[in-house]
Amino acid sequence: MRAHQLIRQIIKQRTGIGIEEDRDSFIDIRLMETLQTLGLKNVEEWGNYYQKNWDKRSLEQGLINALTTNETLFFRDSRPFDFLAQFAFKEWIKEDPNKTRRIWCAACSTGQEPYSVSIVAEKFKQLNPLFKLEIVATDISSNVLDKAKIGAYSEFEIKRGLSPQDLNQYFSKTNQGWEIIPKVKQAIQFRSHNLLESYLELGQFDAIFCRNVLLYFDTPTKKDILEKMAKSLVANGYIFMGGSESPMNFVSCFKRSVDGTGEAFVKI
Ligand SMILES: C[S@@+](CC[C@H](N)C(=O)[O-])C[C@H]1O[C@@H](n2cnc3c(N)ncnc32)[C@H](O)[C@@H]1O
């Protein structure tokens, strides 16, 4: 089998991501750094190296790190965060002020999404000190998770989505850029997790962020993921998706929320 074909097959099997037949140059470009690290000249050499290597799992993780698209920013598409602040948190605290609520950021990339949720929760706590939120943030790429756990961002990354007030209040200046303050970080548990696998060990959630990741999967995979997410949500739990995405295109277990900004979908 050609090395590009082998790589496509590994990525599809391990992550669900489909890379089209005519995108060999995408694979070449994305693997440049990996090849250099391994001292290999090209993708064909990687194919031979993989076939002979006993530690296939770590070579596959290298592929996953190189070939996943990890684009993200703080407060991306702002409306889900407004929905939490203006509607969901208030609803939850009215329903039971002592209950710890749980939000899952599935496919969290380098952490900007869960940190945005945690900042919104911190602000809400100023007026509602009883409010307790646990955030679980997961991704399949070990590279992005390592960065997310540190919570350190460059000047460029900070400029994408953060207001100067939030920057001053929730980040501290370092030599290289900015680092999220411990109070915001402590609310988040970062874990490695593959959306193709079971969600049972993650527990039940009041809301799930599943944004800008389903576009990489085929329709049966999207359906399977959304059905598993519905099972991981409490009754009336919310799911948030990317700006142009809707779970209703694939499954019948969600409806558009009529409350707040109308940006959330609620489990039926
Ligand atoms: C474009 S980012 C989206 C980040 C964030 N949710 C947002 O909207 O800004 C997509 C993320 O999905 C992750 N991903 C892709 N396939 C995955 C899978 N099978 N399981 C878990 N995460 C996956 C990638 O590693 C990447 O970090």
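**Helices, strands and domains in a predicted model**

Student: Is the crossing in which H6 passes H7 left-handed or right-handed?
Tutor: The model is predicted: local features need pLDDT of at least 70, side-chain atom pairs 80 or more, while totals for chains, interfaces and linings use all residues. Residues are numbered from 1 along each chain as its sequence is written. Helices are DSSP runs (H or I) of at least four residues, strands (E) of at least two, numbered from the N terminus. With the near helix turned clockwise from the far one by less than a right angle, H6 passes H7 in a crossing that is right-handed.

Student: At roughly what angle do the axes of H6 and H7 cross?
Tutor: H6 covers residues 79–95 and H7 covers residues 112–127. Their axes (lines fitted to C-alpha atoms over the stretch in contact, with angles from 0 to 180 degrees between N-to-C directions) come within 10 Å. The angle is roughly 35 degrees.

Student: Which residues of H6 meet H7?
Tutor: Contact means C-beta atoms, placed from the backbone, within 7 Å. On the H7 side are Ser 116, Val 117, Val 120, Lys 123 and Phe 124. The H6 residues that meet them are Phe 81, Leu 84, Ala 85 and Phe 89.

Student: How far apart are the axes of H1 and H4?
Tutor: H1 spans residues 3–15 and H4 spans residues 43–52, and the two pack at an angle of about 60 degrees. Their crossing is left-handed. Ala 3, His 4, Leu 6 and Ile 7 of H1 make the contact with Val 43, Glu 44, Trp 46 and Gly 47 of H4. The axes are apart by 8 Å.

Student: Which strands stand at the edges of the sheet?
Tutor: The sheet is open, with antiparallel pairing and the order S3-S5-S4; strands pair if DSSP finds at least two bridges. Each edge strand has a single partner strand, so one side of it is left without a neighbour in the sheet. The edge strands are S3 (152–153) and S4 (171–173).

Student: Which residue of S5 is the bridge partner of Phe 171?
Tutor: S4 and S5 (residues 178–180) run antiparallel and are joined by three bridges. The partner of Phe 171 in S5 is Ile 180.

Student: Which helix gives the largest share of the side of domain 1 that touches domain 2?
Tutor: An automatic or database assignment sets the bounds: domain 1 is 3–67 and domain 2 is 79–267. Their centres, taken over C-alpha atoms, are separated by 30 Å. Seven residues of domain 1 are in contact with ten residues of domain 2. The largest share on the domain 1 side, three residues, comes from residues 56–67, helix H5.

Note on methods:
Contact = placed C-beta atoms within 7 Å.
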